[in-house]
Amino acid sequence: MFPERFSNLPAYAFPRLRALLDVHEPGGPVRHMSIGEPKHAFPAWVSDVIVEHAAEFGRYPINEGTPELRGAIADWIKRRFAADVDPETQVLALNGTREGLYNAGMALCPEGSSVLMPNPFYQVYMISAISAAAEPVFVPATEATGHLPDFTALPVEELDRAALCYICSPANPQGTIADEAYWQQLIELGEKHDFQILADECYSEVYRGEKPAGALQVAQAMGASAERVLIFHSLSKRSNLPGLRSGFVAGGPESIARMKQLRAYAGAPLPMPLQRAAERLWADEAHVEENRALYKAKYELADRIFGNVPGYMSPQAGMFLWLPVADGEAATLKLWQETGVRVLPGAYLSRDTAEGNPGQGFIRVALVAPYDDTEAGLTLIRDCLFDQE
């Protein structure tokens, strides 16, 4: 009586983590460093905006986002990426970007095609492909490829079969940034083989050094098809508001129209008071700069603590460390049993391939806690996993 299409899905990363760890007692006070849930304070005025517009909880929300919200998003895209989008036809508000990343496959991917994605990757990419009756194609993002997938290495017939290509920059989990040259190469590949690029840029505002380039700005500068690239952003990481569930997708008008049509049936629009708060948040950069400075301090902390660890990668961006270990699951369990620190095995973010699992020899460590808590947790990780090797 039940469909078979999802019967062989792997367990999601965090239920797997609970199954691995929770049958054992922690070896110290529990420190959660497994999930990328920002712990920095969000702007205090957000609550005021929601209260001010609380009467609008009595209205059905506008499905595609209020004109004011879509206008604020378009203005932000112009300021941040020097890219032009029409807020009426090229912007769609989302209830968090996970919804959009999933529904993009449902709305845009023809059955029987393939969907390219990095490995390791955000698992919703794979589920979107499977839901659309397409084949997920896992492209390694390892040290050998600069921790970004080398789509140019795929056979021509594989590229011709692809309908969509997911790519995350700054990358989750590695923190690697796709530069303009990388985007140009990928967009040229998409133009040549006619696949769309779904650019997951949720970590674009958490970085050190130069701000990351965006896929849409590069595509427009190249004169690529307006439908070639869709970008996905949210306020979860940028503004420390994962519970607000406010994000957006922007791109070609035909793609947005198809996603909007699906969302009219299957979406969960953001409540109006939350849309009002999101309008203000996209218009304000002061809190984003403050947040970025907090992460920069923790990048430097990680460099100090792990700088002598062989294979350590100093993060360029994002909110994770991708630490090399002999075995990710074994290291995660050891850390839990001896210290109480919870991290995530890298293999839980990857898929097995003929060449092995590219996340097997890593753990992902979230840098989301306040500075002192992060310092204590990272020190425990170093002392438990690396000083004895």
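The model is predicted. Seven strands, β2-β8-β7-β6-β5-β3-β4 in order, form an open sheet with mixed pairing, and an open sheet of 3 strands has the order β9-β12-β11. Helix α11 (residues 272-283) packs with helix α2 (residues 45-52), and the axes of α3 and α11 come within 9 Å.

**The sheet of 7 strands**

- Strands of a sheet pair through backbone hydrogen bonds, in either the parallel or the antiparallel sense.
- The open sheet that runs β2-β8-β7-β6-β5-β3-β4 has mixed pairing; its edge strands, β2 (91-94) and β4 (135-140), each pair on one side only.
- On average, and with direction ignored, neighbouring strands of this sheet are turned by 20 degrees against each other.
- Strands β7 (residues 229-234) and β8 (residues 247-250) run antiparallel and are joined by 4 bridges; Ser234 has Gly247 in β8 as its bridge partner.
- Strand β3 (residues 114-119) pairs with β4 in the parallel sense, over 6 bridges, and Val115 stands opposite Pro136 in β4.
- Between β3 and β4 the chain passes through helix α5 (residues 124-131), and this β-α-β crossover is right-handed.

- Helix α10 (residues 253-266) lies across β2, β6 (196-200), β7 and β8. Relative to β2, helix α10 runs at about 35 degrees.

**The sheet of 3 strands**

- Antiparallel pairing characterises the open sheet β9-β12-β11, in which the edge strands β9 (320-324) and β11 (344-345) each pair on one side only.
- The antiparallel pairing of β11 with strand β12 (residues 362-366) extends over 2 bridges, and Leu344 stands opposite Arg364 in β12.

- Two packed helices are described by the angle between their axes and the distance between the axes.
- Helices α2 and α11 pack at an angle of about 140 degrees, and their axes are 8 Å apart. The two helices α2 and α11 are therefore oblique to each other, and their crossing is right-handed.
- To this contact α2 contributes Trp45, Val46, Val49 and Ile50, while α11 contributes Pro273, Leu274, Arg276, Ala277, Arg280 and Leu281. By class, the residues of the contact of α2 with α11 are 8 nonpolar, no polar and 2 charged.
- The axes of α3 and α11 come within 9 Å and cross at roughly 20 degrees. Helix α3 is therefore roughly parallel to α11, and the crossing of α3 and α11 is left-handed.
- The contact of α3 with α11 is made by Glu68, Leu69, Ala72, Ile73, Trp76 and Arg79 of α3 and by Gln275, Arg276, Ala278, Glu279, Trp282 and Ala283 of α11. Its residues divide into 7 nonpolar, 1 polar and 4 charged.
- Arg276 of α11 takes part in the contact with α2 and also in the contact with α3.

**Packing of α7 with α8**

- The axes of helix α7 (residues 180-193) and helix α8 (residues 215-222) cross at roughly 65 degrees and come within 9 Å; the crossing of α7 and α8 is right-handed.
- In this contact Glu180, Trp183, Gln184, Ile187 and Glu188 of α7 meet Ala215, Val218, Ala219 and Met222 of α8. The contact of α7 with α8 comprises 6 nonpolar, 1 polar and 2 charged residues.

**Backbone features in loops**

- Most residues other than glycine have a negative phi, and most peptide bonds are trans.
- Asn119 and Pro120 are joined by a cis peptide bond with omega of about 10 degrees. Pro120 is found in the loop between β3 and α5.
- A cis peptide bond also leads from Ser169 to Pro170, with omega near -10 degrees. Pro170 is found in the loop between β5 (162-168) and α7.
- Ala82, a residue other than glycine, has a positive phi near 55 degrees. The place of Ala82 is in the loop between α3 and β2.

Key
Residues are numbered from 1 along each chain as its sequence is written. This is a predicted model: local features need pLDDT of at least 70, side-chain atom pairs count only at pLDDT 80 or more; totals for chains, interfaces and linings use all residues. Side-chain values use heavy atoms; hydrogens and water are left out. Axes are lines fitted to C-alpha atoms, for helices over the stretch in contact, and angles run from 0 to 180 degrees between N-to-C directions. Angles under 35 degrees count as roughly parallel, over 145 as roughly antiparallel, 65 to 115 as roughly perpendicular and the rest as oblique. A crossing is left-handed if the near helix is turned anticlockwise from the far one by less than a right angle, and right-handed if clockwise. Contact means heavy atoms within 4.5 Å. Ala, Val, Leu, Ile, Met, Phe, Trp, Tyr, Cys and Pro count as nonpolar, Asp, Glu, Lys and Arg as charged, and the others, Gly among them, as polar. Two strands pair if DSSP finds at least two bridges between them. A crossover is right-handed if, with the strands pointing away from the viewer, the path from the first strand over the helix to the second runs clockwise.
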